[in-house]
Amino acid sequence: MLFKQQALLRQKLFVLGSLAVGSLLYLVARVGSLDRLQPLCPIDGRFGPRGQDEIPLRALQFKRGLLHEFRKGNATKEQIRLHNLVQQLPKAIIIGVRKGGTRALLEMLNLHPAVVKASQEIHFFDNDENYAKGIEWYRKKMPFSYPHQITIEKSPAYFITEEVPERIYKMNSSIKLLIIVREPTTRAISDYTQVLEGKERKNKTYYKFEKLAIDPNTCEVNTKYKAVRTSIYTKHLERWLKYFPIEQFHIVDGDRLITEPLPELQLVEKFLNLPPRISQYNLYFNATRGFYCLRFNIVFNKCLAGSKGRIHPEVDTSVITKLRKFFHPFNQKFYQITGRTFNWP
Ligand code: A3P
């Protein structure tokens, strides 16, 4: 009898203990996410008149869990209607540059409660077949968001594709354009490394970087090599400037985003007229990865995929010097046009 009572008591204690631990974990997780969202007001007047552009607290609290469910395609029409969710055309696009850190930038901006990212590269403006499907097709590719949030997409091919500036202009002539750049020679090698890895995966052989980047006949930089051409930032930017004034662009320092992401993100928040919400809490250095990773709250954090942050092959120093010399005048022009100077050699 006594033994039975003791067993019952133990069972009760176990249930009560589990409930207490569960509630504690729930509270800690909630406080973690709420901490980040506070203070909600004031919104600095940067976000338009009060009431017009503010993000309701309820919306912010729901953002992670709910939108995640909806992205997975689990939302019913009723849920979408109930929460006033919409698929909005982007208010800002990360147009490039490939290997500049475009994924890191998009994921880090998505830490902001007013930003919703399009997870996939949509390639609407650079792909004729997609473009022919029309703007409604593009809009339907966008994630669900609250009307007060902004959608951002990234497709780095936009920056270098001839037809894209005019097409984006036709959609929205006042759209905000983000360009993330890295030191041009490093970017070119990163670009090469990505292609090389693709070839290796298919058990194919590939040329050495030196062979592609230098024309064997002239011993000069091979400007026909795409990885070199993409790094001539000013040439591409000049095409964009035929459609958009420079004020509509913001240049992100991709090298600094690797080592010191927060100040770069704060500049973007300002450019997008968003209240400053991304904090050091949201970014932590992961020594194993060698990069900053993202912390949404105490329970949810993530690093970028292993395909970001590859080890580059060693490149002959004379080739690096030649490339740096080649890019130098283009870089000067780029600084002049954008008003942002980098310590590139
Ligand atoms: P490497 O692979 O050359 O190191 P993109 O997303 O445009 O393809 O850019 C990839 C680059 O993003 C990577 O180039 C990496 O250096 C950079 N990057 C910047 N911040 C990063 C982060 N937090 N985690 C992983 N990669 C990051």
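Guide: Two strands count as paired if DSSP finds at least two bridges between them. The model read here is a predicted one.

Visitor: In what order do the strands of the 3-stranded open sheet stand, and with which pairing?

Guide: Strands of a sheet pair through backbone hydrogen bonds, either parallel or antiparallel. Here the order is β8-β9-β10, and the pairing is antiparallel. The edges are held by β8 (283-286) and β10 (301-302); each has a single partner strand, so one side of each lacks a neighbour in the sheet.

Visitor: How many bridges join β8 and β9?

Guide: β8 and β9 (residues 291-295) pair in the antiparallel sense over 4 bridges.

Visitor: What is the strand order in the open sheet of 5 strands?

Guide: That sheet runs β3-β5-β2-β6-β7, with parallel pairing. Its edge strands are β3 (115-117) and β7 (249-253), each of which pairs on one side only. On average, neighbouring strands of this sheet are turned by 25° against each other, direction ignored.

Visitor: Which residue of β5 is the bridge partner of V115?

Guide: The partner of V115 in β5 is I150. β3 and β5 (residues 150-154) pair in the parallel sense, over 3 bridges.

Visitor: Which strands does helix α4 lie across?

Guide: Helix α4 (residues 102-109) lies across β2 (92-96), β3, β5, β6 (176-181) and β7. The helix runs at about 165° to β5.

Visitor: Where is K99, and what does UniProt list for this residue?

Guide: K99 is located in the loop between β2 and α4. An unreviewed UniProt entry lists K99 under "active site".

Visitor: Is K99 buried or exposed?

Guide: The cut-off matters here: buried means under 20% relative accessible area. K99 has 13% relative accessibility and therefore counts as buried. Not counting residues up to four places away in sequence, K99 touches R182, R187, S190, D191, Q194, S307, K308 and R310.

Visitor: Where does S231 lie, and is this residue buried or exposed?

Guide: S231 lies in the loop between α10 (226-230) and α11 (233-240). With 1% relative accessibility, S231 counts as buried.

Visitor: What does the side chain of S231 reach?

Guide: The side chain of S231 reaches the backbone oxygen of P184 at 2.8 Å. A polar contact, also from the side chain of S231, goes to the side chain of R187 (2.8 Å). Leaving aside neighbours within four places in sequence, S231 is in contact with P184, R187, A188 and F327.

Conventions: Residues numbered from 1 in each chain as written. Predicted model: local features only at pLDDT ≥ 70, side-chain atom pairs only at ≥ 80, totals over all residues. Heavy atoms only, no water. Helix = DSSP H or I, 4+ residues; strand = E, 2+ residues; numbered from the N terminus. Axes fitted to C-alpha atoms, helices over the stretch in contact; angles between N-to-C directions. Contact = heavy atoms within 4.5 Å. Buried < 20%, exposed > 50% of the residue type's maximum accessible area, 1.4 Å probe, protein only. Polar contact = N/O pair within 3.5 Å; in protein donor to acceptor, adjacent residues only side chain to side chain. UniProt positions renumbered as here; feature names shortened; annotations may be inferred.
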